[in-house]
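Please read this briefing with the model open beside you, and follow each topic on the structure as you go.

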Amino acid sequence: MNIIEIKDLSFAYREEFFALNDVNLTIKRGEWISILGHNGSGKSTLAKLIIGLLKAEKGEIYVDGVLLNEETVHEIRRKIGIVFQNPDNQFVGVTVEDDIAFGMENLNFDREDMLNKIEEYSKKVNMFEYLKKEPHNLSGGQKQRVAIAGILAMNTDIIIFDESTSMLDPKGRESIMEYIRDLNKEGKTIITITHDMKEAVNSDRIVILKDGKVLAVGETNTILNDKETLNSSNLELLLPLKLLYKLDEANIKNEKVKNILWQLSLNK
Ligand SMILES: Nc1ncnc2c1ncn2[C@@H]1O[C@H](COP(=O)(O)OP(=O)(O)O)[C@@H](O)[C@H]1O
Ligand SMILES: [Mg+2]
């Protein structure tokens with residue numbers, strides 16, 4: 001069943017300029033989908049519309065069969081956790097601990113449970129020693145870790161990560177991506193938003209946004225094989241994919257080499 005259905009969705013911050021234009025997309029329960037697109041393609045806008053932070057000009061969003069509107073927005077937000085692109089927007093508390101607790105407080109978790117979860121999730125993102133610290137003194141990457149812990153602790157059915165690992169070093173990024181994979185295996189619906197193809201290759205499906213429109217949507221392998229679409233997406237292509245495309249253009253047919261490049265593109 002589809003957990004999210006987006007129908008003919010359009011949104012404009014200002015007149016005559018649509019940040020999103022007639023977007024149609026369905027997301028299946030339990031899948032991991034990447035929203036991939038160049039800077040300014042409308043990814044964050046789409047995420048904010050899905051959680052009802054912005055109101056659509058036109059179109060509809062259904063979450064778990066419920067139409068998103070002013071009456072249902074609170075019910076829907078209980079089902080979706082979002083790690084925002086800029087972690088500063090996520091911080092309201094005096095300490096790191098307060099910030100991890102914030103989402104759980106909104107969902108009325110009991111205190112005992114909350115304290116256990118704060119410990120568990122701060123350890124998961126390697127921020128346990130920082131619980132009593134003030135969030136504004138943290139680095140960007142540390143803030144991202146804290147934001148991730150707070151959202152994970154809420155245990156929502158759907159989690160949206162909006163460029164949530166952009167400030168982490170490669171090792172930190174890999175460990176969060178691995179964790180995202182585990183969450184998905186446990187049954188969570190995952191939406192990862194990124195402009196970095198490398199971060200999209202492990203998801204089940206990819207939707208490519210370009211200038212506010214859906215350029216393509218499909219299984220990850222299919223999208224990565226779609227040279228024309230990728231070339232027109234304004235995205236930076238992964239190096240092995242670039243090489244693979246070059247071999248094709250030069251009519252070089254070494255299947256072994258191609259296979260190696262393909263595996264590299266898929267991060268394997
Ligand atoms: N608060 C805002 N006010 C006006 N325009 C905005 C605002 N936020 C985003 N935009 C514009 O909307 C478009 C889509 O932005 P955004 O959804 O943030 O893209 P992405 O997340 O893919 O980088 C861009 O042209 C951006 O400049
Ligand atoms: Mg964005």
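This is a predicted model: local features need pLDDT of at least 70, side-chain atom pairs count only at pLDDT 80 or more; totals for chains, interfaces and linings use all residues.

Lys-210 has Lys-213 as its bridge partner in strand 10, and this pair belongs to a stretch in which strand 9 and strand 10 are joined in the antiparallel sense over six bridges.

- Two residues lie between strand 9 and strand 10 in their hairpin, and Asp-211, which sits in the turn, has a positive phi of about 45°.
- These strands belong to an open sheet of six strands, whose order is 6-7-8-3-9-10 and whose pairing is mixed.
- At the edges of this sheet are strand 6 (80–83) and strand 10 (213–219), each of which pairs on one side only, and from one strand to the next the twist averages 15°.
- Strand 3 is joined to strand 9 (residues 205–210) by five bridges and runs parallel to it, with Ile-35 standing opposite Val-207 in strand 9.
- Strand 3 (residues 32–37) also pairs with strand 8 (residues 189–194), again in the parallel sense and over five bridges, and here Ile-33 stands opposite Ile-191 in strand 8.
- In a regular strand the side chains alternate between the two faces of the sheet.
- Helix 6 (residues 170–185) lies across strand 3, strand 7 (158–162) and strand 8, and the direction in which helix 6 runs makes an angle of about 150° with strand 8.

- Four strands make up another open sheet, in the order 2-1-4-5 and with antiparallel pairing; its edge strands are strand 2 and strand 5 (66–67), each pairing on one side only.
- Strand 1 (residues 2–14) and strand 2 (residues 17–28) run antiparallel and are joined by eight bridges, and one of the pairings places Ile-4 with its bridge partner Ile-27 in strand 2.
- The hairpin made by strand 1 and strand 2 has two residues between the strands, and in this hairpin Glu-16 takes a positive phi near 70°.
- Strand 1 is also joined by five bridges to strand 4 (residues 58–63), to which it runs antiparallel, and the bridge partner of Glu-5 in strand 4 is Tyr-62.
- Tyr-62 has a bridge partner in strand 5 as well, namely Leu-67, and strand 4 and strand 5, which run antiparallel, are joined by two bridges.

**Helix 10 against helix 11**

- The axes of helix 10 (residues 239–249) and helix 11 (residues 255–265) come within 8 Å and cross at roughly 150°.
- Because angles over 145 degrees count as roughly antiparallel, helix 10 and helix 11 are roughly antiparallel to each other, and helix 10 passes helix 11 in a left-handed crossing.
- Among the residues that meet are Leu-243, Leu-244 and Leu-247 in helix 10 and Val-257, Leu-261 and Trp-262 in helix 11, and the residues of the whole contact divide into nine nonpolar, one polar and one charged.

**Around ligand 1**

- Which residues are around ligand 1? They are Tyr-13, Ala-19, Gly-37, Asn-39, Gly-40, Ser-41, Gly-42, Lys-43, Ser-44 and Thr-45.
- By class, this shell around ligand 1 has two nonpolar, seven polar and one charged residues.
- Helix 1 (residues 43–50) supplies the largest share of the shell around ligand 1, with three residues.

Terms used:
Residues are numbered from 1 along each chain as its sequence is written. Chains are lettered from A and ligands numbered from 1 in the order in which they are written. Two strands pair if DSSP finds at least two bridges between them. Axes are lines fitted to C-alpha atoms, for helices over the stretch in contact, and angles run from 0 to 180 degrees between N-to-C directions. Two residues are in contact if their C-beta atoms, placed from the backbone, lie within 7 Å. A residue is near a molecule or strand if its C-beta atom, placed from the backbone, lies within 6 Å of it. Ala, Val, Leu, Ile, Met, Phe, Trp, Tyr, Cys and Pro count as nonpolar, Asp, Glu, Lys and Arg as charged, and the others, Gly among them, as polar. Angles under 35 degrees count as roughly parallel, over 145 as roughly antiparallel, 65 to 115 as roughly perpendicular and the rest as oblique. A crossing is left-handed if the near helix is turned anticlockwise from the far one by less than a right angle, and right-handed if clockwise.
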